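Q: I have a model open and want to learn how to read it. Where do we start?

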There are 2 protein chains.
Amino acid sequence: MSIAETGEFGLIARIVARLGTGAETLLGPGDDAAVVAAPDRRVVASTDVLVEGRHFRRDWSSPADVGHRAAAANLADIAAMGAQPTALLVALCVPTDLEVEWAEELAGGLSAEAGLVGASVVGGDMSASPTLTIAVTALGDLQGREPVVRSGAQPGDVVALAGRTGYAAAGFTILSRGFRTPKVLVEAHRRPEVPYAAGTAAALAGATAMIDVSDGLLQDLGHIATASVVGIDINRDAFEIPDQMRDAASALGVDPYGWLLAGGDDHALAATFPPGAELPPGWRVVGGVHEGTGVTVDRRQWQGGKGWDHFR
Amino acid sequence: MSIAETGEFGLIARIVARLGTGAETLLGPGDDAAVVAAPDRRVVASTDVLVEGRHFRRDWSSPADVGHRAAAANLADIAAMGAQPTALLVALCVPTDLEVEWAEELAGGLSAEAGLVGASVVGGDMSASPTLTIAVTALGDLQGREPVVRSGAQPGDVVALAGRTGYAAAGFTILSRGFRTPKVLVEAHRRPEVPYAAGTAAALAGATAMIDVSDGLLQDLGHIATASVVGIDINRDAFEIPDQMRDAASALGVDPYGWLLAGGDDHALAATFPPGAELPPGWRVVGGVHEGTGVTVDRRQWQGGKGWDHFR
């Protein structure tokens, strides 16, 4: 059945039926607005949008995959502030000939990913559009902590990473070349595995700056370097190339460090910690902060791709 | 200059330069997420999306108009809960050949409308897309009050309205037929005049249910009737037809009550109040609540259009 047949309100009812209710949801979908608990008296909020053809393809990803990914991209931004995600709102623009089941399964994916951190989809809006577009807003609670911003890195800090880099970019390259394996890489493009708990753990451990790695590690660390007015150097040897990534890179004739250092969309978390800080589980040192500007690899300019700029 | 020339980060910098900072903004644009004050320990949140060709046309509305309208549609949802808007987040999808000035002026409109209620744009995301799309999320604070939901109307309550209805729908019809006047109606389509203060005033005066009239008065009152399990009757004589609307309706051969009772997008607020409640300034009685179901006009089924369903 197409969305033109169910109509807006029919589709919304079907989607709402797929959504769970998180502990922080005081008033869920169905009114003019939702009401979400904000026990900290501050709310953390971030918006990310996925556009078909730019961020996903329906022939590469299932609707549940797209839902997981849209939620993950937003929840990772909340985690990167050291906050606990509480809720998602979703603006969904769909072609009128879209199958209703596609939208329902998308909602299922959004809801399931939010459920990984105890959050839920509390509201949204829907419109017909020639371009399938999913804009998600995530809310979060700081639990009494200060937000971990990009501007706090100090010379002498260590640079640490939680989660994977390069997997989603490798998966994207593989799919672009018409292949479907290795599965671990292709799946990473479809559904990132975000180290959510590492965000609050880093905040508790005294992280001085933190960022969600969505555009590529070097580019995103560049945002910390710029905001903190410091230089950052990465040790290439801190990155082991997983066997399947090495094999895929070799078969496709690309440099796997391009994926690891400049590939986006895994939503790893990168942070800086004071020298001597004990890193929480899941974090590993990959470099250091020094006086200066910019981001280097083994003290040299990285010559590979720099990451994504969505308009070029 | 087109957006393809400035790139994503260049455009974001230009847009951020257009935004003000509201009193509730603790951390504005530029980090992974924004931080907004939520003094009430609850946050009200709503998302609305505008799609070019469905909700606006670039040849009918200026970019600032579109910004005002996108912000107003969301801020009205917060007001309809009896809450005070605090912040907006904006996901903007734009064709790469869009002029940068268009996006800048859109941001100016969003920011100016938010400024009317002391709120500001605190964050967002941007992507290229073939379809110009603006998804806005508004946040608000309940200031210690309970949210005014749709389900609280009781038989015996009066139905009251704050703000205009029919103006935006009349403006849309006029523009659709190729005309550009009367200006008051056309401008109402471009920039709704939302009675924001009436929302919190209604909550303080004991409103039992409230809704933002975005899809047409009868349809939106229908949501209150359904959620509250009551019937609602509207007095047609409570609606005076403004002279310019009467003249336009006559010239175009349409029933002006269709605009007044079923036209959307003015973002009036409709609410129910207990019998004998003193209505706050700006509110006027237009009907009553009774035991039963559905919405009638002068106790009869309304035969005109029912409002918008965006997929049919």
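A: At 0% relative accessibility, A:Ala72 counts as buried (under 20% relative accessible area; exposed is over 50%, partly exposed in between; 1.4 Å probe, protein chains only). This is a predicted model: local features need pLDDT of at least 70, side-chain atom pairs count only at pLDDT 80 or more, and totals for chains, interfaces and linings use all residues. Residues are numbered from 1 along each chain as its sequence is written, chains are lettered from A in the order in which they are written, and side-chain values use heavy atoms, without hydrogens and water.

Q: In which helix is A:Ala72 found?
A: Helices are DSSP runs (H or I, at least four residues), numbered from the N terminus. A:Ala72 lies in helix α2 of chain A, residues 63-79.

Q: What does A:Ala72 touch?
A: Contact means heavy atoms within 4.5 Å. Leaving out residues up to four places away in sequence, A:Ala72 touches A:Glu113, A:Pro192, A:Val194 and A:Tyr196.

Q: How is chain B laid on chain A?
A: Copies are superposed by least squares on the C-alpha atoms of residues with pLDDT of at least 70 in both. Here a turn of 180° and a shift of 0.0 Å along the axis give an RMSD of 0.0 Å. That is the relation of a two-fold axis. In chain B, the C-alpha nearest the axis belongs to B:Arg41, 2.4 Å from it. The same surface serves both copies: 100% of the contact residues of chain B recur in chain A.

Notes: Helix = DSSP H or I, 4+ residues; strand = E, 2+ residues; numbered from the N terminus.
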